[in-house]
Amino acid sequence: MNTTEPPEPSLADRISTHLARMTPAERKVAEYLRAHSRDTIFATAEQIAAAAGTSDATVVRTARTLGYSGLLELRHSLTQEVVEATGPGALLAGKASGTDTAALLAHVFTEAAQRLTDTLRRMSEERFEAAVDAVDAAAEVLAFGIGPSEMVARYLALRLRRIGRRARASGATGFRLADDLLGLGPGDLVVLYSPSRLIGEIGIVLDHAAAVGARSVLVTDSLGSVFADRVDIVLPSVNTSGGATGEGLTSMVVTDAVLLALAGRDRARATERSERLTELRSELTHTGERGAATRRAPRRRPPFEKGSR
């Protein structure tokens with residue numbers, strides 16, 4: 001006798017089954033859930049409602065229409081789906097075989113090209129110029145990102161310092177973040193990198209920036225609508241759940257574009273800093289060579305004198 005229980009229907013299956021009976025508002029929530037299932041795992045009803053353009057009551061009602069007891073069960077179910085879909089076995093099975101080099105290269109580069117194309121399509125020239133203006137006018141830039149996004153934040157801060165701008169980066173969470181926020185003041189700018197994960201630190205950083213008179217730029221895939229009323233400028237950075245390309249791919253390219261535009265506004269300062277950086281590297285290289293030569297030189301013994309012992 002087979003006692004194996006049938007698997008729970010996925011979110012996508014539930015939406016397909018119930019979509020025809022949903023109200024227009026519920027359909028908006030359902031489509032948001034389908035497109036941003038990972039974000040929903042950590043989101044409140046209010047955050048989902050803001051992103052979908054509905055009310056939190058509609059979010060809860062949609063969860064029940066889909067067959068869940070409420071939003072809590074929906075999030076738990078989505079967590080299981082994401083864990084199963086992104087586990088090591090699933091990822092290895094879903095990617096091009098390592099023995100087929102041509103297919104693997106085509107897969108990775110096709111995904112990367114598509115993400116960059118989609119990001120460019122969503123990029124507004126006006127918003128991009130506004131972001132460059134904000135960085136240009138900032139007394140100091142605080143770049144913030146968590147996880148893979150922290151690397152992009154540190155890259156921005158490094159490149160800004162190299163062209164003569166005051167900048168620092170943070171990937172801190174919890175109490176450690178408070179120390180990094182203390183230095184923010186009027187005229188400063190916060191650049192936040194968060195493709196799609198709703199984390200509490202984002203709201204704290206944005207609220208503190210607004211409280212002290214600092215401006216903010218958010219580089220994101222899907223969180224722009226969630227924080228639209230709390231951030232000054234949103235720049236797109238299309239992410240993917242495919243996993244073939246890194247989270248920071250498109251945000252790194254967007255960062256390069258901002259830096260190039262900024263350097264073009266003050267070529268004299270950028271050139272002077274670049275030349276100074278080259279001089280410092282040269283001095284450090286020579287210093288290292290002299291130190292290595294000193295370490296390699298044999299110690300000379302004092303000359304032996306007759307009659308001495």
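**Figure 1. Ser149 in helix H10.** Ser149 sits in helix H10, which covers residues 148-162; helices here are DSSP runs of H or I with at least four residues, strands are runs of E with at least two, and both are numbered from the N terminus. This is a predicted model, in which local features need pLDDT of at least 70 and side-chain atom pairs count only at pLDDT 80 or more, while totals for chains, interfaces and linings use all residues. Residues are numbered from 1 along each chain as its sequence is written, and side-chain values use heavy atoms, with hydrogens and water left out. With a relative accessible area of 2%, Ser149 is buried (buried means under 20% relative accessible area, exposed over 50%, and partly exposed in between, with a 1.4 Å probe and protein chains only). Once neighbours within four places in sequence are set aside, Ser149 is in contact with Tyr193, Ser194, Pro195 and Glu247, where contact means heavy atoms within 4.5 Å.

Figure 2. Strand E1 (residues 141-145) pairs with E3 in the parallel sense over five bridges; two strands pair if DSSP finds at least two bridges between them. In this pairing, Val141 has Leu189 of E3 as its bridge partner. E3 also pairs with strand E4 (residues 215-220), in the parallel sense and over five bridges, and there Tyr193 stands opposite Val219 of E4.

**Figure 3. The crossover from E3 to E4, with Ser216.** E3, helix H12 (residues 200-212) and E4 make a right-handed β-α-β unit. A crossover is called right-handed if, with the strands pointing away from the viewer, the path from the first strand over the helix to the second runs clockwise. Strand E4 holds Ser216, which is buried at a relative accessible area of 4%. Which residues does Ser216 touch, not counting residues up to four places away in sequence? They are Leu189, Val190, Leu192, Leu206, Arg230, Val231, Asp232 and Ile233.

**Figure 4. A nonpolar surface patch around Leu105.** Leu104, Leu105 and Phe109 form a nonpolar patch on the surface, and together they have about 290 Å² of accessible area. Patches are made of residues with over 30% relative accessible area and no salt bridge; like charges are joined within 9 Å, and nonpolar side chains (Val, Leu, Ile, Met, Phe, Trp, Tyr) within 5 Å. Accessible areas come from the Shrake-Rupley method with a 1.4 Å probe, and for residues only the protein chains shown count as cover. Leu105 belongs to helix H8, residues 101-122, and counts as partly exposed because its relative accessibility is 43%.

Figure 5. Side chains of opposite charge can pair when their charged atoms come close. A salt bridge is a side-chain nitrogen of Lys or Arg within 4 Å of a carboxyl oxygen of Asp or Glu, and a search of the whole structure finds 13 of them. One joins the side chains of Glu31 and Arg34, at 3.1 Å from N to O. Both residues lie in helix H2 (residues 24-35), three residues apart, about one turn of the helix. Glu31 is partly exposed at 37% relative accessibility, and Arg34 is partly exposed at 36%. In another, Asp118 meets Arg121, with the closest N and O atoms 2.7 Å apart. Because Asp118 and Arg121 are three residues apart in helix H8, about one helical turn separates them. Arg121 is exposed, with a relative accessible area of 59%.

Figure 6. The side chains of Asp256 and Arg159 meet in a salt bridge, 3.3 Å from N to O. Asp256 lies in helix H13 (residues 249-265) and Arg159 in helix H10, so the pair ties together parts that are 97 residues apart in sequence. Asp256 is partly exposed at 29% relative accessibility, and Arg159 is partly exposed at 28%. Elsewhere, salt bridges that share partners join Glu129, Asp133, Asp136, Arg165 and Arg265 into one network.
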